[in-house]
Amino acid sequence: MNPDDIDVWIIDSSALIETKSIVSVTKQWEAFKDLEQMVRNGQIAMPRQVIKEMSEIAHPDLPGAWAPGVRGSLQHPLDADHSHVKDVLSTAGDVVDVNKAGEDADPYVLALAQQLKSDGYAVCIVTEDTIDRIRTSIATACRRLNIDYCRIRDFLEQYGIPLLKETSDS
């Protein structure tokens, strides 16, 4: 995947939450204003389920306020066609967290990416959900569905948003 070739980045809740750890507090407002412009330009999409997750679990943090705040500016559908949701569930249904109290956004992130891809867009899902645990990760589901994905750090670096340095335990 060449990041320059991506038309639309589909943002997962895990990626938005991670921005709080990798963008300094003093740079977060500017970073989210840049992301807002990308939403207005049609470069960022997210399903309504991500917006709902963010407003319920992260509010009043900046990502939790930002997601519902840009809802009206999104240039792509908030809801993927049912046929794409059905396809995702039949191919990667184990991505759903059955222990989650509310509706899981993950299959809708995947279905929206699949729909935009079928509409001719080059898409990439931005997620931190890369490790299979009790359920399949979005990364594994992306491989099954032939959808590109990347981590939020890589996405933000691509657009020149200043990040905190990575730390290691060694």
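## Helix packing and selected residues in a predicted model

Val88 lies in helix 5. The model is predicted: local features need pLDDT of at least 70, side-chain atom pairs count only at pLDDT 80 or more, and totals for chains, interfaces and linings use all residues. Residues are numbered from 1 along each chain as its sequence is written, and side-chain values use heavy atoms, with hydrogens and water left out. Helices (DSSP H or I, at least four residues) and strands (E, at least two) are DSSP runs numbered from the N terminus.

Buried stands for under 20% relative accessible area, exposed for over 50%, and partly exposed for values in between, with a 1.4 Å probe and protein chains only. Leaving out residues up to four places away in sequence, Val88 touches Gly93, Pro107, Leu110, Ala111, Gln114 and Leu145. Contact here means heavy atoms within 4.5 Å. Gln37 is 51 residues from Val88 in sequence, and the two are 29 Å apart in space, C-alpha to C-alpha.

The buried residues of helix 5 are His84, Val85, Val88 and Ala92. They cover an arc of only 100° around the axis, so they sit on the same side of helix 5. The arc is that of the directions from the helix axis to the C-beta atoms. His82, Lys86 and Ser90 are exposed on the other side of helix 5. The buried residues of helix 5 pack against helix 6 and helix 7 (138–145).

### Three helix pairs

Two packed helices are described by the angle between their axes and the distance between the axes. Axes are lines fitted to C-alpha atoms, for helices over the stretch in contact, and angles run from 0 to 180 degrees between N-to-C directions.

| Pair | Angle | Axis distance |
|---|---|---|
| Helix 5 and helix 7 | about 105° | 10 Å |
| Helix 1 and helix 4 | about 140° | 9 Å |
| Helix 2 and helix 4 | roughly 20° | within 11 Å |

Angles under 35 degrees count as roughly parallel, over 145 as roughly antiparallel, 65 to 115 as roughly perpendicular and the rest as oblique.

By its angle, the pair of helix 5 and helix 7 is therefore roughly perpendicular. From helix 5, Asp87, Val88, Thr91 and Ala92 meet Ala141, Arg144 and Leu145 of helix 7. By class, this contact of helix 5 with helix 7 has four nonpolar, one polar and two charged residues. Ala, Val, Leu, Ile, Met, Phe, Trp, Tyr, Cys and Pro count as nonpolar, Asp, Glu, Lys and Arg as charged, and the others, Gly among them, as polar.

Helix 4 (residues 62–69) takes part in a pair with helix 2 (residues 25–40) and in another with helix 1 (residues 13–22). Helix 2 and helix 4 are roughly parallel to each other, and their crossing is right-handed. A crossing is right-handed if the near helix is turned clockwise from the far one by less than a right angle, and left-handed if anticlockwise. Gln28, Trp29, Phe32, Leu35, Glu36 and Val39 in helix 2 meet Leu62, Pro63 and Trp66 in helix 4. Seven nonpolar, one polar and one charged residues make up the contact of helix 2 with helix 4.

Helix 1 and helix 4 are oblique to each other, and helix 1 also passes helix 4 in a right-handed crossing. Leu16, Thr19 and Lys20 of helix 1 meet Pro63, Trp66 and Ala67 of helix 4. The contact of helix 1 with helix 4 has four nonpolar, one polar and one charged residues.

Within helix 4, the buried residues are Pro63, Gly64, Trp66 and Ala67. Seen down the axis of helix 4, they fall within an arc of 165°, so they line one face of the helix.

Ile125 is found in strand 3 (residues 123–126) and is buried, with a relative accessible area of 0%. Not counting residues up to four places away in sequence, Ile125 touches residues including Ile10, Val109, Leu110, Ile138, Cys142 and Tyr149.

Asn99 is in the loop between helix 5 (82–92) and helix 6 (106–118). Asn99 is exposed, with a relative accessible area of 62%. Asn99 and Arg135 are 36 residues apart along the chain, and their C-alpha atoms are separated by 9.8 Å.

Asn146 is in the loop between helix 7 and strand 4 (148–150). Asn146 is exposed at a relative accessible area of 58%, and its phi is near 60°, a positive value in a residue other than glycine.
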